[in-house]
Amino acid sequence: MSELDQMYQQIILDASRERHGEGHIDDAHGESFQVNTTCGDQATLQVRLSADGSRVEKIAWDGQGCSISQASLSIMHDLAEGKTVADIDELYTAFRDMMDQRGQELDEDMADLLDDAAAFQGVSKFPMRIKCALLGWMALRDATDKALDQKHT
């Protein structure tokens with residue numbers, strides 16, 4: 001295993017243990033429950049938006065599953081909390097694109113944008129694990145969309 005692979009593996013293991021953002025938001029504006037029917041990983045993610053709806057002020061999640069899904073949720077929380085909705089869309093698209101690249105080398109801009117989430121580049125080589133890595137990101141996108149819909153009604 002290369003030194004880079006070892007570092008990425010350690011980032012994923014650490015993030016799955018640390019579980020940043022795990023919890024509950026009492027006054028959440030949006031919530032999404034996602035399950036990976038292939039393996040049983042699941043997550044409930046909540047968001048609270050800023051008053052004008054342009055920023056995701058708070059993200060909390062609860063879930064169970066493999067280290068990949070739990071680490072992805074933890075790292076995604078750290079990257080996305082406090083960001084604008086547009087920034088989160090950009091992060092989601094970059095992460096999704098990385099998963100679609102099946103382990104190809106990331107360009108420098110994408111690696112910089114994804115920060116620790118770039119550790120999941122190796123996961124993209126394994127189609128059965130891609131859903132694990134995407135679980136939290138899909139929940140974030142869904143919960144944010146629901147929150148925006150609520151703000152506009």
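Colleague: Which cysteine sulfur is closest to that of C39, and how far away is it?

Modeller: This is a predicted model, so local features need pLDDT of at least 70, side-chain atom pairs count only at pLDDT 80 or more, and totals for chains, interfaces and linings use all residues. Residues are numbered from 1 along each chain as its sequence is written, and side-chain values use heavy atoms, with hydrogens and water left out. A disulfide here is a pair of cysteine sulfur atoms within 2.5 Å, so C39 is too far for a bond: its closest cysteine sulfur is in C132, at 3.9 Å.

Colleague: Is C132 buried or exposed?

Modeller: Buried means under 20% relative accessible area, exposed over 50%, and partly exposed in between (1.4 Å probe, protein chains only). C39, at 42%, is therefore partly exposed. C132 has 1% relative accessibility, so it counts as buried.

Colleague: How many residues of α2 are buried?

Modeller: Helices are DSSP runs (H or I, at least four residues), numbered from the N terminus. The buried ones in α2 include I68, L73 and M76. The helix is largely enclosed by the rest of the structure, because the buried count is 12 of the 14 residues.

Colleague: Where is the kink in α5 centred?

Modeller: α5 covers residues 127-151 and reaches 36 Å from first C-alpha to last. The bend is the angle between axes fitted to the seven residues ending at a residue and the seven starting there. In α5 there's a kink of about 40 degrees, centred on L134.

Methods. Helix = DSSP H or I, 4+ residues; strand = E, 2+ residues; numbered from the N terminus. Expected span 1.5 Å × (residues − 1).
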